[in-house]
Amino acid sequence: MTQPNIVLPGPVETALGLLEHAGFEAWVVGGCTRDALLGGAPKDWDITTSALPAETLSVFSDFRTIETGLQHGTVAVLLDGMLLEITTYRVDGTYKDSRHPDEVTFTRSIGEDLARRDFTMNAIAYSPARGYEDLYGGASDIEAHLIRCVGDPETRFTEDALRILRALRFSSVLGFAIEERTASAIHALKERILHVAWERISAEVLQLLCGKDVYRVLQDYRDVFAVLFPELEPCFDFPQNNPWHIYDVYTHIAHSVESIAPEPALRLTMLLHDIGKPETYFTDDRGIGHFYGHPKRSAQLAEAIVHRLRLSSAMQQEVCTLVEYHDYPVEPSEPVLLRRLHKFGPATLRHLLLVKRADCLAQNPEKTGADLDKLSTIEHMLDVLLKKEPAFRVADLAISGGDLITLGMRPGPQLGAFLESILEAVMAGELPNDREALLAYVRDKGMKP
Ligand code: ATP
Ligand code: MG
């Protein structure tokens with residue numbers, strides 16, 4: 001198949017030229033070739049070469065080089081402000097731990113280097129001098145939107161189980177299907193993903209969740225997700241028996257994930273928001289299903305999961321808060337919004353409204369129209385309200401604890417509680433946030449001998 005030439009950035013072309021001029025072969029390879037063939041702009045350019053690391057270093061002796069990846073054969077070179085990773089052709093040795101090759105050996109054969117790569121779409125090399133080296137039909141798989149292992153899928157996933165998650169991540173992000181034998185091997189070997197470090201699992205899962213085809217991947221590979229998150233399994237096919245819902249709990253979850261903006265914390269929140277439902281289920285005497293208290297139970301289960309995923313503590317907290325309060329009432333009323341701003345802060349409150357919208361979008365569309373309209377009204381009201389820079393924290397008040405002390409109050413918890421009560425009165429519209437008015441109010445009410 002003839003493919004168009006790839007337009008390379010200047011520094012990449014220079015690096016390839018310098019290596020070739022010194023008598024070595026050099027190609028761009030991997031994600032950049034794949035993305036270029038897909039018509040996108042690659043985010044980084046990886047170069048593969050027949051030059052040994054020491055030879056690469058000497059070719060680029062006039063440039064800044066970084067040797068941190070040397071034992072894997074990678075030299076990073078800074079060329080005209082662009083950091084390029086140049087890796088020697090490599091054969092990965094045997095794998096004992098389902099993740100790391102026991103040793104890597106260098107080779108002078110591009111064919112051997114391409115054979116170690118995970119998927120055909122990632123095993124295409126391109127050089128302006130020699131064109132494409134596509135030994136595994138990667139270009140036609142890209143055209144067919146197919147993810148296929150290089151070589152025998154079971155062997156490749158047994159060597160390195162991270163490839164299982166990479167396959168699902170690429171499937172979700174690129175919207176590609178997974179070729180049949182590759183897919184069967186994923187289902188068969190899914191338990192091996194637990195050999196992968198949670199940091200790596202986490203990075204792949206978050207990217208996967210943000211992909212455009214996340215719904216399909218969550219459904220078709222739910223058995224793989226159950227390995228990572230056994231807490232999800234009770235949700236599979238769990239009927240809700242409630243007129244507000246047309247989906248079982250897991251299908252509702254999967255639809256809610258695709259219904260929110262592709263930001264990791266938001267997508268993960270939707271994945272976890274209802275995991276407490278099966279445990280809290282009960283049917284009333286009319287046969288209707290309810291899940292009282294499920295947000296709290298979901299948040300408890302979510303806490304263990306965000307910890308397992310090694311997320312930053314800020315992200316752990318954000319996700320657990322959003323899960324716990326996803327059903328918390330919010331009304332189109334300024335005093336209510338101020339109280340919610342007080343409780344959550346502007347950023348989390350905005351996220352909470354997005355979570356509520358995604359939750360609605362994954363329910364019974366014949367019922368949720370009014371709720372979705374109400375959410376739009378609230379979002380608009382919140383924007384208008386925040387532009388007015390209203391007081392919703394004690395620090396926003398026109399008076400401070402210092403003023404109360406000057407007026408004779410003793411420092412301590414009572415002073416804090418008094419300030420909170422002033423804030424509540426201001427948020428309820430009972431007092432203006434005006435220094436003189438507040439001081440007058442304090443003099444009148446607050447001064448205790
Ligand atoms: P991304 O767009 O996420 O950067 P990528 O394909 O470039 O995708 P990298 O992790 O940057 O992914 O890896 C670069 C290349 O190295 C891949 O295209 C693939 O050829 C190879 N590769 C990466 N990880 C593996 C792996 N676990 N097993 C085999 N080959 C891999
Ligand atoms: Mg890459």
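I began with Trp-27, whose bridge partner in strand β2 is Thr-48. I am working from a predicted model, in which local features need pLDDT of at least 70, side-chain atom pairs count only at pLDDT 80 or more, and totals for chains, interfaces and linings use all residues. Residues are numbered from 1 along each chain as its sequence is written, chains are lettered from A and ligands numbered from 1 in the order in which they are written, and side-chain values use heavy atoms, with hydrogens and water left out.

**Strand β1**

I noted that β1 (residues 26-29) and β2 (residues 46-49) run antiparallel and are joined by four bridges. Strands here are DSSP runs of E, at least two residues, numbered from the N terminus, and two strands pair if DSSP finds at least two bridges between them.

Which way do the side chains of β1 point? Ala-26 and Val-28 go one way, Trp-27 and Val-29 the other, and all are buried (under 20% relative accessible area, 1.4 Å probe, protein chains only; exposed is over 50%, partly exposed in between). In a regular strand the side chains alternate between the two faces of the sheet.

**Ligand 1**

A polar side-chain atom of Lys-43 is 2.9 Å away, and one of Arg-117 is 3.0 Å away. Asn-122 uses a backbone N or O atom, at 2.9 Å.

**Strand β4**

I looked up Leu-78, which sits in β4 (residues 74-79). Leu-78 counts as partly exposed because its relative accessibility is 31%.

Notes: A polar contact is a pair of N or O atoms within 3.5 Å; within protein, one must be able to donate a hydrogen and the other to accept it, and residues adjacent in sequence count only if both atoms are side-chain atoms.
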